[in-house]
Number of protein chains: 4
Amino acid sequence: MKTYGKLDWAFSAGRIPFRSTGKEPDFVSHDKIAILNTSEEAAEIELFIFYEEEQPSEVYEIEVKPKRLRKVRFNDLIDPVAMRLERNYSCYIRSNVPVVVQFSRLDSGSKETAHMGSMAFPAEP
Amino acid sequence: MKTYGKLDWAFSAGRIPFRSTGKEPDFVSHDKIAILNTSEEAAEIELFIFYEEEQPSEVYEIEVKPKRLRKVRFNDLIDPVAMRLERNYSCYIRSNVPVVVQFSRLDSGSKETAHMGSMAFPAEP
Amino acid sequence: MKTYGKLDWAFSAGRIPFRSTGKEPDFVSHDKIAILNTSEEAAEIELFIFYEEEQPSEVYEIEVKPKRLRKVRFNDLIDPVAMRLERNYSCYIRSNVPVVVQFSRLDSGSKETAHMGSMAFPAEP
Amino acid sequence: MKTYGKLDWAFSAGRIPFRSTGKEPDFVSHDKIAILNTSEEAAEIELFIFYEEEQPSEVYEIEVKPKRLRKVRFNDLIDPVAMRLERNYSCYIRSNVPVVVQFSRLDSGSKETAHMGSMAFPAEP
């Protein structure tokens with residue numbers, strides 16, 4: 001199978017909700033990305049986080065094994081610095097091999113909102 | 001009408017929910033793809049499934065008739081092996097003729113979440 | 001302002017729900033497209049509908065005025081033939097001038113589901 | 001880091017809801033865009049608004065600082081003229097430097113609908 005995906009991805013409307021009423025771990029409020037690496041090599045991925053009123057943070061580094069999926073919860077990004085809750089952020093994602101990235105959000109903290117945006121993209125060879 | 005769509009599609013954030021409280025068959029929790037084949041030929045489609053901690057599964061083969069739509073529920077993929085519930089997966093979709101693919105999810109198992117992500121893509125000739 | 005959008009669009013997971021408990025007209029279950037024509041000319045648009053087990057229907061023709069938005073509810077497509085409810089369909093959209101198309105769905109018929117998928121696409125000159 | 005995104009974006013299915021029952025400011029009904037500027041320069045952005053039955057409005061001008069995110073609520077667009085509620089609109093977004101744009105909607109005015117469509121796009125260099 002040929003390697004598949006893109007080297008660069010981004011989303012701009014990130015926000016990790018503070019309140020949460022769901023059951024752990026599935027229904028806890030989150031921002032998440034799912035990264036698919038179809039290649040024979042480990043994907044070395046850098047996450048660049050941007051904010052409204054501050055300098056961009058240090059870069060987060062993530063590895064995704066060959067021919068594997070990896071889910072990353074933004075709540076779990078703590079090295080080099082924990083991401084703060086209830087703050088708007090954007091994320092630019094750069095990989096050394098083509099990957100497929102999908103972003104989803106679940107907000108279980110408000111009775112008014114139980115939503116998930118989920119995105120997939122057509123791949124180009 | 002010219003043939004329309006792309007040969008390659010993917011989504012990375014698949015997961016078939018276990019619990020379900022909806023009425024059959026519309027509101028049963030599912031992951032689904034809708035495949036449109038606008039061509040005069042049958043579309044021979046391969047679904048490659050990837051996981052977090054396991055080797056990719058065998059390939060699932062699907063046919064979509066000429067000038068027809070076909071919906072595929074991932075719950076129904078049982079040959080060569082049934083897909084397991086409550087496990088994260090990604091899917092790479094390859095076709096021999098251009099097709100249009102849309103992914104949707106419904107989770108009716110939790111009162112907190114009744115969501116559907118639905119995607120469409122601009123087609124290029 | 002330069003003309004903006006694409007000539008071809010598609011979505012594959014169409015379905016007009018039967019049940020509806022919402023208030024007219026905003027919360028009635030629907031499948032809808034919003035078409036933006038940024039050009040100085042009227043956009044002459046053809047909608048090709050595809051099904052699972054039947055021949056594609058006759059073509060629906062829609063006009064969008066220059067520099068205007070038009071929303072089209074699939075429930076309202078009755079010429080040459082009314083679209084049937086509760087039947088899966090796909091739609092291929094072809095325009096004579098570049099347009100921007102966004103698809104949305106609202107299902108107010110089930111207490112379990114109040115969802116909307118909404119999509120936008122980056123435009124290329 | 002290289003500059004990242006696109007100069008042109010659009011969505012066609014805009015609508016600012018009138019009713020609102022949420023808590024300020026997070027759960028008030030809105031249409032919003034999140035704009036990420038990864039470049040070293042300020043992004044000078046023009047928003048062109050289109051309607052169903054009227055001439056396009058005057059252009060709204062927005063600046064996004066270098067290496068920053070900015071969220072824009074359409075309710076807050078009042079110069080040169082306030083956007084009206086409960087009216088369908090489309091938006092074409094043009095920037096002088098590449099940006100990443102994501103559109104989201106929250107409608108908290110109806111008990112039947114608590115939804116958000118959220119979109120991200122693969123970036124191309």
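Modeller: The model is predicted, so local features need pLDDT of at least 70 and side-chain atom pairs count only at pLDDT 80 or more, whereas totals for chains, interfaces and linings use all residues. Residues are numbered from 1 along each chain as its sequence is written, chains are lettered from A and ligands numbered from 1 in the order in which they are written, and side-chain values use heavy atoms, with hydrogens and water left out.

Colleague: How do you know which secondary structure elements chain A has, and in what order do they come?

Modeller: Helices are DSSP runs of H or I with at least four residues, strands are runs of E with at least two, and both are numbered from the N terminus. Under that definition chain A has zero helices and six strands, and its pattern along the sequence reads β-β-β-β-β-β.

Colleague: Why is Ala34(A) called buried?

Modeller: The term buried means under 20% relative accessible area, exposed means over 50%, and partly exposed covers what is in between, with a 1.4 Å probe and protein chains only. Ala34(A) has a relative accessible area of 1%, and therefore it is buried. This residue lies in strand β2 (residues 30–37) of chain A, and of the 125 residues of that chain 62% count as buried.

Colleague: What does Ala34(A) touch, leaving aside residues up to four places away in sequence?

Modeller: A contact means heavy atoms within 4.5 Å. Ala34(A) touches Leu69(A), Arg70(A), Lys71(A), Val100(A), Val101(A) and Gln102(A), and also Ser12(B) and Ala13(B). For chain A overall, residues 24 or more positions apart account for 72% of the contacts with a separation of 6 or more.

Colleague: What makes the ring pair of Phe11(A) and Tyr89(A) edge-to-face?

Modeller: Rings of Phe, Tyr and Trp (its six-membered ring) pair if their centres lie within 6.5 Å, and planes under 30 degrees apart count as stacked, over 60 as edge-to-face and the rest as tilted. The structure holds 24 aromatic pairs over all chains. In the pair of Phe11(A) and Tyr89(A) the distance is 6.0 Å centre to centre and the planes are at 75°, which is edge-to-face. The pair links distant parts of the chain, with Phe11(A) in strand β1 (residues 6–15) and Tyr89(A) in strand β6 (residues 88–106) of chain A, 78 residues apart. Phe11(A) counts as buried because its relative accessibility is 2%, and Tyr89(A) counts as buried because its value is 0%.

Colleague: Why is the pair of Tyr4(B) and Tyr92(C) said to join two chains, and how are its planes classed?

Modeller: With 4.0 Å centre to centre and 45° between the planes, the pair of Tyr4(B) and Tyr92(C) is tilted. Tyr4(B) lies in the segment before β1 (6–15) of chain B and Tyr92(C) in strand β6 (residues 88–106) of chain C, so the pair joins two chains. Both Tyr4(B) and Tyr92(C) are buried.

Colleague: What makes Arg94(A) and Glu46(A) a salt bridge?

Modeller: A salt bridge is a side-chain nitrogen of Lys or Arg within 4 Å of a carboxyl oxygen of Asp or Glu. The closest N and O atoms of Arg94(A) and Glu46(A) are 3.1 Å apart, and the pair forms a salt bridge. It links Arg94(A) in strand β6 with Glu46(A) in strand β3 (residues 43–51) of chain A, 48 residues apart. Arg94(A) counts as partly exposed because its relative accessibility is 26%, and Glu46(A) is partly exposed because its relative accessible area is 26%.

Colleague: How do you know whether Glu54(B) and Arg87(B), which meet in a salt bridge, are buried or partly exposed?

Modeller: Their side chains meet at 2.5 Å, N to O. Glu54(B) has a relative accessible area of 27% and is therefore partly exposed, whereas Arg87(B) has 15% and is therefore buried.
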